[in-house]
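This briefing covers selected side-chain features of one protein model. Please look over the sequence and the structure before reading the points below.

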Amino acid sequence: MKAVQYAAFGGPEVLELVDAPEPHAGPSQVRIAVHAVGVNPIDWKLRSGAMGGELPRGTGVEAAGVVDELGDGVTGVAVGDRVFGSAADAAAQQALLSHFAALPQELDFTAAAALPVAVETATRCLDLLGVSDGQTLLINGASGGVGLAAVQLARARGARVIGSGGQRSQERLRSFGAEPVLYGDGMGAHVAELAPDGVDAAIDMALSGGIATLVQLAGGADHVVAIADFQGAQEHGVRFSGGPGEVRRWHALQDVGALIEQGLFTMPVAHVLPLSEIAEAHRLSESGHAGGKIVLTVD
């Protein structure tokens, strides 16, 4: 089969489409014929060498496709079913999924491949903070994929959401159910105008150095979770979520299907490229200006 691999750490140019052995499903896994692969920041952070690891290695951590092999102990799914989920080395013609769910009928493969990482991460943050009906949640950096997922999932729980973003993202945030504010200098004052008594919880999804402001607005570090600014989280005593050993919320893949069917959740895809253009997809993601989710299609 064809798969993307890299034999050296570096820029997008190290990515190569090569011939690789077919993987086979182990216990509790399914193998899929991949139709679409989501691109995430973790992909290029690993490729750059920032997180170490052995070489050569594949890339891609989420995919959607058709089941073509079942591992021992797998129930509730059959060969031929359309599924999406988390994967290792997903940028290939075949991939193994350990956590997966059936595609909602409303979704094609491209839309489904954009979901797993954003939905799981957003759900994990909301769970860690105990976000529930009647609370006010502040999301700093809400216009990206994880941010928009968190906005919608929090709204589905009955929470009020204030979301920060750049000037161009204000109307977009509003359309997804958040009350938008500009991030950066002055964000705290803007939020205080909307929520004079502060907020119940806050999630930092940006690298803008705003964690101290979130702690103040949320009434303490215990009410804040960060997923991007590790150093800022350490400095201000805020929990950083996403590292090794973190308990993942993969049940969210099943849960989001019901919201999609009710028209309460959607994930915009900004760029769709063929697998052969994965280097360009990494460049777009790494630029921070993709404007939404990037998905690769696999023939």
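This is a predicted model: local features need pLDDT of at least 70, side-chain atom pairs count only at pLDDT 80 or more; totals for chains, interfaces and linings use all residues.

In which strand is E62 found? E62 is part of strand 5, which covers residues 62-70.

**E62 and its polar contacts**

- With a relative accessible area of 0%, E62 is buried, because buried means under 20%.
- The side chain of E62 makes a polar contact of 2.7 Å with the side chain of N40.
- A polar contact of 2.6 Å also joins the side chain of E62 to that of K293.

**Aromatic pairs**

- Two aromatic pairs turn up in a search of the whole structure.
- One of them is formed by Y6 and F9, with 6.3 Å from centre to centre and 55 degrees between the planes, and this pair is tilted.
- Y6 has a relative accessibility of 1% and counts as buried, whereas F9, at 31%, is partly exposed.
- F230 and F240 also pair: their ring centres are 5.2 Å apart and their planes stand at 90 degrees, so the pair is edge-to-face.
- F230 is partly exposed at 43% relative accessibility, and F240 is partly exposed with a relative accessible area of 25%. Both values count as partly exposed because that class lies between the 20% limit for buried and the 50% limit for exposed.

**Charges over rings**

- K45 has its charged end over the ring of W44, 6.0 Å from the ring centre.
- R82 is placed over the face of F109, and the distance to the ring centre is 5.4 Å.

**A88**

- A88 belongs to strand 6, which covers residues 82-88.
- Is A88 buried or exposed? A88 is exposed, with a relative accessible area of 55%.
- Leaving aside residues up to four places away in sequence, A88 touches G60 and L96.
- A88 and A63 are 25 residues apart along the chain, and their C-alpha atoms are separated by 9.3 Å.

Terms used
Residues are numbered from 1 along each chain as its sequence is written. Side-chain values use heavy atoms; hydrogens and water are left out. Rings of Phe, Tyr and Trp (its six-membered ring) pair if their centres lie within 6.5 Å; planes under 30 degrees apart count as stacked, over 60 as edge-to-face and the rest as tilted. Buried means under 20% relative accessible area, exposed over 50%, partly exposed in between (1.4 Å probe, protein chains only). A charge sits over a ring if NZ of Lys or CZ of Arg is within 6 Å of the ring centre and within 35 degrees of the ring normal. Helices (H or I, at least four residues) and strands (E, at least two) are DSSP runs, numbered from the N terminus. A polar contact is a pair of N or O atoms within 3.5 Å; within protein, one must be able to donate a hydrogen and the other to accept it, and residues adjacent in sequence count only if both atoms are side-chain atoms. Contact means heavy atoms within 4.5 Å.
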